[in-house]
Amino acid sequence: MTNLTFEMAQLLDEPIQVLEPYFEQRVLNALENHGILYIKQLLNTTPEELMAIPNFGQNSLEKIYKGLAAHGFVKTDKYKTP
């Protein structure tokens with residue numbers, strides 16, 4: 001990864017709960033149940049992998065990417081954060 005600010009680099013090893021204000025507890029539980037516990041894991045998970053999680057839809061994906069974008073992370077694939 002390039003162009004990381006100091007704050008962004010610190011967040012990589014933070015638990016995904018840091019993003020909790022941006023999505024529902026149900027989404028947080030789904031991620032944790034699939035072994036996604038840290039922001040760096042979330043960033044390394046493809047949209048297709050996330051969408052394969054049961055009860056995880058487009059709305060959940062968009063909320064997660066908005067939460068990541070709020071912390072300076074933007075996905076560079078076809079699911080760019082608006």
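A residue counts as buried under 20% relative accessible area, as exposed over 50%, and as partly exposed in between. Arg-26, with a relative accessible area of 41%, is therefore partly exposed. That residue is a handy way into this predicted model, and its partners are taken up below.

The overall fold comes first. The protein has 5 helices and 0 strands, and its elements follow the order α-α-α-α-α from the N terminus. Of the 82 residues in the protein, 34% are buried. The accessible surface amounts to about 5,000 Å², with 52% of that area belonging to carbon and sulfur atoms. Where contacts join residues at least 6 apart in sequence, 48% of them connect residues at least 24 apart.

Confidence is worth a look before the details. The mean pLDDT of the protein is 81, and 87% of the residues score at least 70. Among the elements, H4 has the highest mean pLDDT (93), whereas helix H1 (residues 6-11) has the lowest (76). Residues 78-82 have a pLDDT below 50, and this stretch makes 11 contacts in the model beyond near neighbours in sequence.

Turning to charged side chains, the whole structure contains 3 salt bridges. Arg-26 pairs with Glu-24 at 3.2 Å, N to O. Glu-24 also forms a salt bridge with Lys-63, where the closest N and O atoms are 3.4 Å apart. Glu-24 sits in the loop between H1 and H2 and Lys-63 in helix H5 (residues 58-70), so this pair ties together parts that are 39 residues apart in sequence.

Another salt bridge joins the side chains of Lys-40 and Asp-13, at 2.6 Å, N to O. This pair links distant parts of the chain, with Lys-40 in helix H3 and Asp-13 in the loop between H1 and helix H2 (25-33), 27 residues apart. Lys-40 is partly exposed, at a relative accessible area of 37%, and so is Asp-13, at 46%.

The side chain of Thr-45 reaches the backbone oxygen of Gln-41 at 2.7 Å.

Notes:
Residues are numbered from 1 along each chain as its sequence is written. This is a predicted model: local features need pLDDT of at least 70, side-chain atom pairs count only at pLDDT 80 or more; totals for chains, interfaces and linings use all residues. Side-chain values use heavy atoms; hydrogens and water are left out. A polar contact is a pair of N or O atoms within 3.5 Å; within protein, one must be able to donate a hydrogen and the other to accept it, and residues adjacent in sequence count only if both atoms are side-chain atoms. Helices (H or I, at least four residues) and strands (E, at least two) are DSSP runs, numbered from the N terminus. Buried means under 20% relative accessible area, exposed over 50%, partly exposed in between (1.4 Å probe, protein chains only). Contact means heavy atoms within 4.5 Å. Accessible areas come from the Shrake-Rupley method with a 1.4 Å probe; for residues, only the protein chains shown count as cover. pLDDT is the predictor's confidence in each residue, from 0 to 100. A salt bridge is a side-chain nitrogen of Lys or Arg within 4 Å of a carboxyl oxygen of Asp or Glu.
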